[in-house]
Amino acid sequence: MKTESRLEKVLASGNLAVTSECGPPRGCQPDKVREKGKYLEGIVDAVNVTDNQTAMVRMSSLAASAILKQEGLNPLFQMVTRDRNRLAMQADIIGAYSLGIDTMLCLSGDHTQFGDHPMAANVHDIDSIQLIQMVKTMRDEGKFQGGAELKGAPKMFIGAAANPFADPFELRVLRLAKKVAAGADFIQTQCIFNVDKFEKWMEGVRARGLHKQCYILAGITPMKSVGAARYMKNKVPGMDVPQELVDRMGSVPKEKQPEEGISICVETIERLKKVEGVAGFHIMAIDWEEKVEEIVERAGLLPRPQM
Amino acid sequence: MENFEPTIVAFCCHYCAYTAADMAGSQRLTYPANVKIIRVPCSGKVDALHIVKAFEKGADGVYVAGCLDGDCHFKNGNNRASRRVEYVQKYLDEIGIGGERLEMVNMSAGMGYRFAQIATEITEKIRKLGPSPIHSMIGASCPANSDLTA
Amino acid sequence: MITAERKPLEELIEYVRPFKRILLVGCNECVTVCSAGGRKEVGLLASGLKMALMQSGRNIEIREHTLERQCDPEYIDELVSMIDGVDAVMSMACGCGVQEISRRFKDRPVFPAVNTKFMGASERQGVWAERCQGCGNCLLGVTGGICPIARCSKRLMNGPCGGSVAGKCEISQDVDCVWQLIWDRFKELGLEENYLNIIPAKDWRSATGGGPRKIIREDLAA
């Protein structure tokens, strides 16, 4: 075991892990964080806290993670390389661990063009893979990126993101290999709708033995409506939503669509359980956190194991 | 302004527009004397600077006349001229002269009537627009009103 | 070349409005090549400024001259004979040239006529694209001759990110995903295994991280 992270413990024990997500509010509203946290208590092994997601400014993921920690949850602190240089990132990592946060996800981050501050500089002092290397060095060697010794190493369980649906497809397995070589302990994938394509990616992953070097959590998102399905299909880069799923959502009346979305979600999880190398699920129910419990329960993943 | 006679500069390509102007002349088709023709080897040879200088020297309107699309003697000089005219129209808007005082027109060598028609139409259009905004600062005199006679 | 684009005319009109006589200086190199500040553009701008100011009843005299380039002080010397009686100078060169003129003629205001954009190359006539950001430690040798620092929207050195779709960057269909280009190049060169090499975090001191940069050639400096 590299860390004290509950997520690592669950994964190491061979149980399927479950994580979910919480987007911090766009203002000083700590109670909103606590509210979302309440829906996930006891339901998941860790809660991702996003970092200025889609380049829209929100309460910092560090602050929101600290609030969730106070509430007794296990925050999975996300960090993008878009907004900070390596000094600030290391400072935040040390700060986070000092507040009891022991699990993090290293990402590049959506471009500022998508958000509410397109005029801002995109920092990217280092990229996500260099960030993974940096955290690993801090944890395992007790050194700062610049080489000096660090007092009190942050024992972070290091995660990264993977997108089997982005282009070029042939590179997506190699990119995972790079992240694993850099030091990623676990991966959360982009939400999966096209299970066939995901299975194809997993073939490549298994061929390189990557599923044995890091834990892969399959991303899942329930669709609320046929409009949401279309939006994800057409407007979000790197998402692959098969037409038959959009049609299926559209084939039921509006009031029944959320239910249909949850059913698709649960069916997908059942299918993915059978894919060798899938170590757990990352359920991203954006603005729909109250449904996570139902999904996790119907997928037979409750109660969460005691560690 | 009463009795305003616009000064129009027409850059005409040798192969089509200028020949059409010649034809208008030989067919005794009248067109306003306001139009001063400048012959160029190809409408694509007309530079943005030529057009802008024409306005600086007192032109109230300018047009660039080239061959019909696909018929340019130099392949696509007329297409380049067209894009260049659009570019200068935007510049003229920035300056305050107004892009509507500049136009790109196309005709074939045999279209004497079209040459005369365009010359007349553009003169009228510019007459309605009034003198160029810098007219009073240049103090250019208005040309006498006379028909082109044989 | 260094690319630039002429500033909006209304900004330039406001710069020169207070003056009676200005010197408008073009540059025969980069800004000529990208049609922003060469001899022709000097003529166009002088004419436009005159006509614009005429409309508010002002007559401005504009002396026009184009130097071979403005980033070498020896060429700027040519302007000495033209500067008498001139109230202000406007330069159509890139930021380097404007500053050299400003350094030379300390007692006259100097204004830029163009917005200097980027170091780039011509993709085809009339189209220039960013190619280099002067990071000071060129890694083109390991990225198949294609630069991820200048051409990746997130300057990822180990890209692509998850937003790359059909060879295009997530920010726009008009922007190629440079990591797709690099990968294609690796394939053409049979260098696919190179992709697995992790390019380590960059030392930005060779770029702007170390402050304004200078090159001193001892063998050439007097």
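User: Before we start, what counts as two residues being in contact here?
Analyst: Two residues are in contact if their C-beta atoms, placed from the backbone, lie within 7 Å. Also note that this is a predicted model.

User: OK. In chain A, what share of the contacts with a separation of 6 or more is between residues 24 or more positions apart?
Analyst: Such pairs account for 79% of those contacts in chain A.

User: What secondary structure does chain A have?
Analyst: Chain A has twelve helices and eight strands.

User: And its dimensions, what are they along the principal axes?
Analyst: The C-alpha trace of chain A spans about 60 × 45 × 45 Å. The radius of gyration of chain A is 18 Å, which agrees with a compact globule, because 307 residues would give a value near 19 Å.

User: How much of chain A is buried?
Analyst: Buried residues make up 53% of its 307 residues.

User: Which residues touch the most other members of the largest nonpolar core?
Analyst: In that core of 93 residues, they are A:Val47, A:Met104, A:Cys106, A:Ile132, A:Val135, A:Ala184 and A:Ile187. Helix α5 of chain A, residues 128-141, gives the largest share of the core, six residues.

User: What is A:Met104 in contact with, leaving aside neighbours within four places in sequence?
Analyst: A:Met104 contacts A:Leu76, A:Phe77, A:Met79, A:Ala96, A:Val135, A:Met156, A:Ile158 and A:Gly159.

User: Which residues does the second core include?
Analyst: The second core is separate and has 88 residues, among them B:Cys16, B:Ile97, C:Ile2 and C:Cys30.

User: Switching to the chain pairs. Which pair has the most contacts?
Analyst: Chains A and C, among the two pairs that touch. No contact joins chain A and chain B, and their closest C-alpha atoms lie 26 Å apart.

User: How many residues are involved between B and C?
Analyst: 14 residues of chain B are in contact with twelve residues of chain C. On the chain B side, α2 (48-56) and α3 (77-95) each supply at least two residues, and α2(B) gives the largest share, six residues.

User: What classes are on that side of B?
Analyst: Ten nonpolar, one polar and three charged residues.

User: Last one, C:Ile171. Where is it?
Analyst: C:Ile171 is in the loop between β8 (168-169) and β9 (172-176) of chain C. Beyond residues up to four places away in sequence, C:Ile171 touches A:His111, A:Gln113 and C:Ser153. The C-alpha atoms of C:Ile171 and C:Ser153 are separated by 7.9 Å, with the residues 18 apart along the chain.

User: Why does C:Ile171 count as partly exposed?
Analyst: Because C:Ile171 has 17 C-beta neighbours inside 10 Å, whereas a buried residue needs 20 or more and an exposed one has 12 or fewer.

Terms used. Residues numbered from 1 in each chain as written. Chains lettered and ligands numbered in written order. Predicted model: local features only at pLDDT ≥ 70, side-chain atom pairs only at ≥ 80, totals over all residues. Core = buried A, V, L, I, M, F, W, Y, C linked by C-beta atoms within 7 Å. Helix = DSSP H or I, 4+ residues; strand = E, 2+ residues; numbered from the N terminus. Rg over C-alpha atoms; globule rule 2.2 N^0.38 Å. Nonpolar A, V, L, I, M, F, W, Y, C, P; charged D, E, K, R; others polar.
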